[in-house]
Amino acid sequence: MVDIGISEKDRKKIAEGLSRFLADTYTLYLKTHYFHWNVTGPQFRTLHLMFEEQYNELWTAVDQIAERIRSLDFPAPGTYKEFSRLTSIEETDGVPHAADMIKALVAGHEAVVRTARSVFPTAEKAADEATADLLTQRLQIHEKTAWMLRSLLEKP
């Protein structure tokens, strides 16, 4: 029996939202790592290093999100099958050109932001400050990363 001041019904609903958030984050992690391995072109070094920083940050985030789900006393999803069912991020077929990689990552970060925002109402209604804090921190990171990636697409 968990008695942390949040009803089981609310904890379940929050955990379900966080599971979608986890799936999006993990899917974006995989995509970013994939692009890190396969990027080519004149921006190779810049993008290769940037993607590495981003996938390492996402890897840490995945653990934080999963542990929050566990703190609410629900199992965290962790299989490709579950993630593919829960994510809102589309997989990338083939190896896109660098600019298309950047566009795909911008779309991925924006999708993660939308999913995070969708969990806020339930967390706030249940006075789940820990989840709201996690979501707020993640929103700042994803919005900043999307901005930085978008700036690479601007023409001089």
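Predicted model: local features only at pLDDT ≥ 70, side-chain atom pairs only at ≥ 80, totals over all residues.
Helix α1 spans residues 8-38 and helix α2 spans residues 44-71. The axes of the two helices come within 8 Å and cross at roughly 160°. Angles over 145 degrees count as roughly antiparallel, and α1 and α2 are therefore roughly antiparallel to each other. The crossing of α1 and α2 is left-handed. Among the residues that make up the contact of α1 with α2, 17 are nonpolar, seven are polar and two are charged.

Five salt bridges are present in the structure. Among them are one between Glu16 and Lys12, one between Glu57 and Arg138, and one between Asp128 and Arg68.

The salt bridge between Glu16 and Lys12 has an N to O distance of 2.9 Å. Both residues belong to helix α1, where a separation of four residues places Glu16 and Lys12 about one turn of the helix apart. The relative accessible area of Glu16 is 39%, and this residue is partly exposed. Lys12 likewise counts as partly exposed, at 42% relative accessibility.

In the salt bridge of Glu57 with Arg138, the closest N and O atoms are 2.4 Å apart. This pair links distant parts of the chain, with Glu57 in helix α2 and Arg138 in helix α5 (residues 129-151), at a separation of 81 residues. Glu57 has a relative accessible area of 26% and is partly exposed, whereas Arg138 has a relative accessible area of 2% and is buried. The cut-off applied here is that buried residues have under 20% relative accessible area.

Helix α2 also contributes Arg68 to a salt bridge with Asp128. For this pair, the closest N and O atoms are 2.8 Å apart.

Key: Residues numbered from 1 in each chain as written. Heavy atoms only, no water. Axes fitted to C-alpha atoms, helices over the stretch in contact; angles between N-to-C directions. Parallel < 35°, antiparallel > 145°, perpendicular 65-115°, else oblique. Left-handed = near helix turned anticlockwise from the far one by under 90°. Nonpolar A, V, L, I, M, F, W, Y, C, P; charged D, E, K, R; others polar. Salt bridge = Lys/Arg side-chain N within 4 Å of Asp/Glu carboxyl O. Buried < 20%, exposed > 50% of the residue type's maximum accessible area, 1.4 Å probe, protein only.
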